[in-house]
Amino acid sequence: MTHATSTSSPQRRPSVTDKLALWLLKLAKMRRTSFTQPSGDDYAKFYESFFEEKDLEAYQKDRRMVLRRETIAKTLQRYAPPPASVLDVGCGLGDVLAEMPPGYTLHGTDFARFNVGVASRRLGNRAKITQASIYELPYESNGFNIALCLEVLEHIEDDARAVREIARVLKPGGILIAAVPYTFYWPDYLKLMGHFRHYTRESFSNLMNHNGLKTETYLSNYPNFHQSYTRRYAFVRAQTMAFGRFFGRKSLYTFKWPWRRELALDHLANRLEPLRQQDTTLDYAALPTSTFLLARKGAQNDR
């Protein structure tokens, strides 16, 4: 990896929600490998152990992940319906590709060989998965109609170089759907998550606009729902850890109280549904937390 300046957002004062997010992250990552150096063997070791196969359940069932996949599907239906070619850059365990609507030609790439192995087994002949650096994607220029890059660029030292490489493999007029965090950037994240920066709407949009793409629209990331869900998620997790073994439901995603029909996380999501509905009416083009966007490569940008 080559060190470079980034287009990260200015530092701001952390909120209570930011502090809670950090505490939850420490809890979730307490047994995972810590991030030490931004290059070389330490970098590779960190990302080889970043995901585990048990994370598949979280990505399949966590309401926040489900909402993001639904938003992507609706956006593709509007801006790039099938048939079209899709490249998921930093595809992880393949959760987004696995839920893509039919009719698309699917490709994915990831830095971690472990992730490539899991995604390849999971998707079979539905998608072609390769191992590669985001700085050197193994594809011809102007080859894809659609690129996805979700919660990846914050992990990259040179985010501008990464965006230029994604723009290179997109066809003229092709689109990138990208998402990054907007929460406060704590130094602790460097070890826990390997994050080099977090973004605001403006800094993320500028990253696109200065590197071969043009921001076209901001997608719903439900910030109020997301923050409320995250706060209450911590309590459900604590309940699962304390009482799950007594009810034979040790998994966070199967835990429920005996007197309720719903799983605990389903109950939580349903209680917060009115808040999610309110978030659908937000003006995302005006919110600093709008770091889920669609950008387009210019028709004449034959990089």
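User: Why does threonine 109 count as buried?

Analyst: This is a predicted model, in which local features need pLDDT of at least 70 and side-chain atom pairs count only at pLDDT 80 or more, while totals for chains, interfaces and linings use all residues. Residues are numbered from 1 along each chain as its sequence is written, and side-chain values use heavy atoms, with hydrogens and water left out. Buried means under 20% relative accessible area, exposed over 50%, and partly exposed in between, with a 1.4 Å probe and protein chains only. Threonine 109 has 2% relative accessibility, and therefore it counts as buried.

User: Where is threonine 109 found, and what is it in contact with?

Analyst: Threonine 109 is found in strand β2, residues 104-110; helices (H or I, at least four residues) and strands (E, at least two) are DSSP runs, numbered from the N terminus. Contact means heavy atoms within 4.5 Å, and, leaving aside neighbours within four places in sequence, the residues in contact with threonine 109 include Leu87, Val89, Thr130 and Tyr139.

User: What makes serine 85 buried?

Analyst: Serine 85 has a relative accessible area of 12%, and so it is buried by the limit of under 20%. Serine 85 is found in strand β1, residues 84-89, and, with neighbours within four places in sequence left aside, it is in contact with Thr105, Gly143, Phe144, Asn145 and Ile146.

User: Where does helix α10 bend, and by how much?

Analyst: Helix α10, residues 223-247, bends by about 45 degrees at methionine 241, where the bend is the angle between axes fitted to the seven residues ending there and the seven starting there. After α10 comes glycine 248, whose phi is positive, near 70 degrees. The buried residues of α10 include Phe225, Tyr229, Tyr233 and Thr240.

User: Which helices do the buried residues of α11 pack against?

Analyst: The buried residues of helix α11, residues 264-271, are Ala264, Leu265, His267, Leu268 and Ala269, and they pack against α4, α10 and α12 (273-279).

User: Which element supplies the largest share of the lining of the second largest pocket?

Analyst: The largest share of that lining, seven residues, comes from α4, and both α4 (63-79) and β6 (214-218) supply at least two residues each. By class, the lining has five nonpolar, five polar and four charged residues; Ala, Val, Leu, Ile, Met, Phe, Trp, Tyr, Cys and Pro count as nonpolar, Asp, Glu, Lys and Arg as charged, and the others, Gly among them, as polar.
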